[in-house]
Amino acid sequence: MNPQPGTVYLVGTGPGAPDLITLRGLNLIKQSDVILHDRLIPTELLNHARPDAIITNIGKTPNQPSPTQGDINALILEHAHANRSVVRLKGGDPFVFGRGGEEMLACQTANIPCIIVPGVTSAIAAPASINVPVTHRQIARSFTVITATTRDGQLDENLDFTALAKIDTLIILMGTHNLAEITTRLITAGRNPQTPAACIASATTLHQRHVIATLETIATAVDNANIHPPAVTIISPTVTLPDHHAP
Ligand code: SAH
């Protein structure tokens with residue numbers, strides 16, 4: 001796929017390792033006029049851009065003044081209206097908690113063609129990086145991905161913990177800081193406290209770290225191990241499937 005002038009490409013970079021982007025995504029990076037990227041992307045990918053490409057970091061940094069979603073949408077449209085090809089680079093998959101949907105709608109409203117290039121989501125890649133599958137025949141037939149955090153960092157009160165307690169594999173993004181509250185609610189709602197759990201930070205990067213515990217102990221384990229975001233927590237019988245002590 002070659003980038004067209006006046007077109008926006010919402011491209012997922014994958015979870016962190018630079019070679020986990022798709023070939024389509026990489027080709028678009030190599031040829032586009034403009035690259036607008038988030039904070040959590042493998043920065044090595046930007047080395048592939050054209051020397052004359054306009055490259056702007058429009059990532060939101062927690063607890064720091066950052067561009068609003070309105071600012072971001074406006075910048076995307078401004079470049080597209082100037083007839084440039086625009087790659088909007090997002091970590092993981094653009095439609096998994098990346099506000100990609102909002103950027104697509106902004107393009108549609110402005111009559112700007114918008115093409116989605118999927119990426120490998122950290123929701124699946126982070127568990128996979130420690131050999132944990134999100135489904136497995138007979139022990140986990142479904143998985144659910146949640147973010148437990150609202151815009152202001154609070155636990156999302158709309159989450160139905162009774163329903164979530166019944167999901168075979170529960171994957172939590174953006175939930176490291178309120179993990180104790182989430183796990184307590186799941187146990188109160190009936191999930192077995194002994195269910196295996198893992199938390200994987202900076203998956204597929206050189207800074208990757210993880211802990212393995214149970215639903216009951218994972219929040220403390222994460223604290224004790226000083227695990228920091230970005231991190232994915234998975235609560236599932238599949239966590240203990242691989243031999244985590246194998247070389
Ligand atoms: N669109 C992204 C998710 C964006 S929300 C995707 O599909 O992966 C940002 C959250 O994703 C982080 O708070 C963290 O929970 C998770 N995340 C992103 N990259 C990660 C990584 N390399 N390792 C662990 N978690 C990651």
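User: In this predicted model, does N27 count as buried, partly exposed or exposed, and what is the relative accessibility?

Analyst: N27 sits in helix α1, which covers residues 23-31. Buried would need under 20% relative accessible area, and exposed over 50%. N27 falls in between, so the residue counts as partly exposed, at 31% relative accessibility.

User: What distance separates the C-alpha atoms of N27 and N2?

Analyst: The two residues are 25 residues apart along the chain. N27 belongs to helix α1. The C-alpha atoms of N27 and N2 are separated by 7.4 Å.

User: How far apart are the C-alpha atoms of Q108 and T162?

Analyst: Q108 is placed in helix α3. Q108 is partly exposed, with a relative accessible area of 48%. Along the chain, Q108 and T162 are 54 residues apart. Their C-alpha atoms are separated by 37 Å.

User: Into which domains is the protein chain divided?

Analyst: The bounds come from an automatic or database domain assignment. The C-alpha centres of the two domains lie 28 Å apart. The chain is divided into domain 1 (8-117) and domain 2 (122-243).

User: How many residues does each domain bring to the contact?

Analyst: Domain 1 spans 8-117 and domain 2 spans 122-243. Contact here means heavy atoms within 4.5 Å. On that basis, domain 1 gives nine residues and domain 2 gives 12 residues.

User: What area do domain 1 and domain 2 bury between them?

Analyst: The area is summed over both parts. Carbon and sulfur atoms carry 75% of it. The total buried between domain 1 and domain 2 is about 690 Å².

User: How do the residues on the side of domain 1 that touches domain 2 divide by type?

Analyst: Of the area buried between the domains, 75% is on carbon and sulfur atoms. The residues on the domain 1 side divide into six nonpolar, two polar and one charged.

User: How many salt bridges and how many residue pairs in polar contact are found between domain 1 and domain 2?

Analyst: A salt bridge needs a side-chain nitrogen of Lys or Arg within 4 Å of a carboxyl oxygen of Asp or Glu. Across this interface the rule finds zero salt bridges. Polar contacts do occur, and the count is two residue pairs.

User: Which residue forms a salt bridge with R88, and where does that partner lie?

Analyst: The structure holds eight salt bridges. In the one asked about, the closest N and O atoms are 2.8 Å apart. R88 lies in strand β4 (residues 86-90), 15 residues from its partner. Both residues of the pair are buried. The partner is E103, in helix α3 (residues 100-109).

User: Why does the salt bridge of E103 and K90 tie together parts that are apart in sequence?

Analyst: The side chains of E103 and K90 meet at 3.3 Å, N to O. E103 counts as buried at 1% relative accessibility, and K90 is buried at 2%. E103 lies in helix α3 and K90 in strand β4, so the pair ties together parts 13 residues apart in sequence.

User: Where do E157 and R185 lie, and how many residues apart are they?

Analyst: E157 and R185 form a salt bridge, with the closest N and O atoms 3.3 Å apart. E157 is exposed, at a relative accessible area of 54%, whereas R185 is partly exposed at 28%. E157 is in the loop between β6 (143-147) and α5 (161-164), and R185 is in helix α6 (residues 179-188), 28 residues apart.

User: What is the phi of F97, and where does F97 lie?

Analyst: F97 is partly exposed, with a relative accessible area of 38%. F97 lies in the loop between β4 and α3. Phi is positive in this residue other than glycine, near 50°.

User: In which loop is S202 found?

Analyst: S202 also has a positive phi, near 50°. The residue is found in the loop between β8 (196-201) and β9 (209-214).

Notes. Residues numbered from 1 in each chain as written. Predicted model: local features only at pLDDT ≥ 70, side-chain atom pairs only at ≥ 80, totals over all residues. Heavy atoms only, no water. Buried area = accessible area lost by both parts, 1.4 Å probe. Polar contact = N/O pair within 3.5 Å; in protein donor to acceptor, adjacent residues only side chain to side chain. Nonpolar A, V, L, I, M, F, W, Y, C, P; charged D, E, K, R; others polar. Helix = DSSP H or I, 4+ residues; strand = E, 2+ residues; numbered from the N terminus. Buried < 20%, exposed > 50% of the residue type's maximum accessible area, 1.4 Å probe, protein only.
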